[in-house]
Amino acid sequence: MMNVTELRPGNYFIDEGNLYQVMDILLNKTAMRKMVAKVKAKNMRTGAITELARNSGYDVEKAVLDKKKMAYLYDAGETLVFMDNTTYEQIEIAKSRLEWEQNFLVSNAEIDILFFEEEILGITLPTSVALKITDCEPGVRGDTVNKAMKLATVETGFQVKVPLFIENGETILVRTDTGIYDGRA
């Protein structure tokens with residue numbers, strides 16, 4: 001057990017049976033009251049972000065999550081299949097839990113799978129991934145006063161805006177948190 005005021009961004013904790021990750025915490029102390037901790041937290045099972053307000057004497061249970069490196073194999077319709085490269089154990093995760101992450105998964109990509117006591121919570125993507133452009137409009141010269149961008153489709157089907165000089169078949173880096181072009185690979 002730990003006091004709610006000891007939580008920091010990135011920590012995991014259990015409160016009222018729910019598993020949370022701390023996104024942000026604000027400690028507020030006024031002259032006549034106990035300190036109040038306002039915790040912005042993400043529910044790790046549902047993905048919902050909530051704000052919890054607790055007094056300084058409130059205790060929460062600290063949670064430890066495990067990460068396991070696995071390779072993404074293929075899309076099995078309703079699920080995505082991952083494999084541990086050392087034990088060859090395969091697991092399936094429902095597509096509905098990985099809607100955003102699917103945009104950046106390519107075959108044989110090494111991914112960290114998050115576990116909590118044998119329960120699969122999701123995956124952790126790297127900051128940026130290298131993806132090959134499959135369809136891209138040709139660059140048009142002209143209005144380059146502003147940062148000129150065009151739409152390109154990468155191998156996963158995700159569309160991203162890229163600079164005019166990027167051409168079809170090139171490999172680019174895409175940020176996994178925002179989905180924005182990050183440079184050439």
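**View 1. Strand β11 and the lining of the largest pocket.** Strand β11 gives the most to the lining of the largest pocket, with four residues, and β3 (18–28), β4 (36–43) and β11 (119–124) each supply at least two; strands are DSSP runs of E with at least two residues, numbered from the N terminus. The model is predicted, so that local features need pLDDT of at least 70 and side-chain atom pairs count only at pLDDT 80 or more, while totals for linings use all residues. Residues are numbered from 1 along each chain, and side-chain values use heavy atoms, without hydrogens and water. Of the 24 lining residues, Lys 42, Met 44, Glu 101, Leu 114 and Ile 123 lie nearest the centre of the pocket.

**View 2. The largest nonpolar core around Ile 113.** This core has 29 residues, and those with the most contacts inside it are Phe 82, Ile 113, Ile 123 and Ile 172; a nonpolar core joins buried Ala, Val, Leu, Ile, Met, Phe, Trp, Tyr and Cys residues through side-chain atoms within 4.5 Å. Its largest share, four residues, comes from strand β12 (residues 128–136).

**View 3. Thr 153 in strand β13.** Thr 153 is found in strand β13 (residues 149–154), and it counts as buried because its relative accessibility is 16%, where buried means under 20% relative accessible area with a 1.4 Å probe and protein chains only. The side chain of Thr 153 makes a polar contact with the side chain of Gln 159 (3.4 Å), a polar contact being a pair of N or O atoms within 3.5 Å, of which one must be able to donate a hydrogen and the other to accept it.

Note on methods:
1 Å grid on protein atoms, 1.4 Å probe; cavity = no way out; pocket = protein on both sides within 12 Å on 5 of 7 lines; lining within 4 Å. Buried < 20%, exposed > 50% of the residue type's maximum accessible area, 1.4 Å probe, protein only.
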